[in-house]
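Please read the following with the coordinates open beside the text. The account moves from the overall layout to a sheet, then to a core and its aromatic rings.

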Amino acid sequence: MAADSIFGYPFRRLLWSPPIFREWSGSTALMDWLESPNAHIFKINVPGFRKEDIKVQIEEGNILQIKGEGGKEREEAHAAKDTVWHVAERGTGKGDFSREIELPENVKVDQIKAQVENGVLTIVVPKDSTPKPSRVRNINITSKL
């Protein structure tokens, strides 16, 4: 269960450092998050998934969402009327998954790259070295509204 479903969005940063939250459907899509001087690198186990089965998106400005839909092979075999399944163990570890990561503010979301190779999804999120304008804004105080 994600923290925002318990405490709401503003409290998410208090509970995770680095700022991250997850949706996880119990799949084997385990993740490593590495940080180099130039980028954040995510490596996610996606054995048995084709690149067409995986979606990588940015939502709400800085939420990296990764989704996988599996089980295609078994569904296709069920479509054939003359196919009889005696054992179905390989399909049990490959189910749908969804991961959401709140990215830091110093990244270039328009330059994210992703690749699948040997059952590992690698997502590279370049860092933005240009200083961000301050989010602090002074409010003028007057004697009358």
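Read along the sequence, the elements of this predicted model follow the pattern α-α-β-β-β-β-α-β-β-β, with 3 helices and 7 strands in the protein; helices (H or I, at least four residues) and strands (E, at least two) are DSSP runs, numbered from the N terminus. Residues are numbered from 1 along each chain as its sequence is written, side-chain values use heavy atoms, with hydrogens and water left out. Because the model is predicted, local features need pLDDT of at least 70 and side-chain atom pairs count only at pLDDT 80 or more, whereas totals for chains, interfaces and linings use all residues.

Of the 145 residues in the protein, 30% are buried, where buried means under 20% relative accessible area, exposed over 50%, and partly exposed in between (1.4 Å probe, protein chains only). The accessible surface comes to about 10600 Å², and 52% of that surface belongs to carbon and sulfur atoms; the areas come from the Shrake-Rupley method with a 1.4 Å probe, and for residues only the protein chains shown count as cover. If contact is taken as heavy atoms within 4.5 Å, then among contacts between residues at least 6 apart in sequence, 56% join residues at least 24 apart.

An open sheet of 3 strands has the order β3-β4-β5, with antiparallel pairing, and two strands pair if DSSP finds at least two bridges between them. Strands β3 and β5 stand at the edges with a single partner strand each, so one side of each is left without a neighbour in the sheet. Strand β3 (residues 54–59) pairs with β4 over 6 bridges; along this pairing Lys 55 stands opposite Lys 67, and Val 56 has Ile 66 as its bridge partner. The hairpin of these two strands has 3 residues between them, and there Glu 60 takes a positive phi near 50°.

Leaving aside neighbours within four places in sequence, the contacts of Phe 42 include Trp 33, Leu 64, Ile 101 and Ile 123.

A search of the whole structure finds 2 aromatic pairs, where rings of Phe, Tyr and Trp (its six-membered ring) pair if their centres lie within 6.5 Å, and planes under 30 degrees apart count as stacked, over 60 as edge-to-face and the rest as tilted. Trp 33 and Phe 42 form a tilted pair, 4.8 Å centre to centre with 45° between the planes; Trp 33 is partly exposed at 23% relative accessible area, whereas Phe 42 is buried at 0%. The rings of Phe 49 and Phe 97 have their centres 5.3 Å apart and their planes at 90°, so this pair is edge-to-face. Phe 49 lies in the loop between β2 (39–45) and β3 and Phe 97 in strand β5, so the pair ties together parts that are 48 residues apart in sequence.
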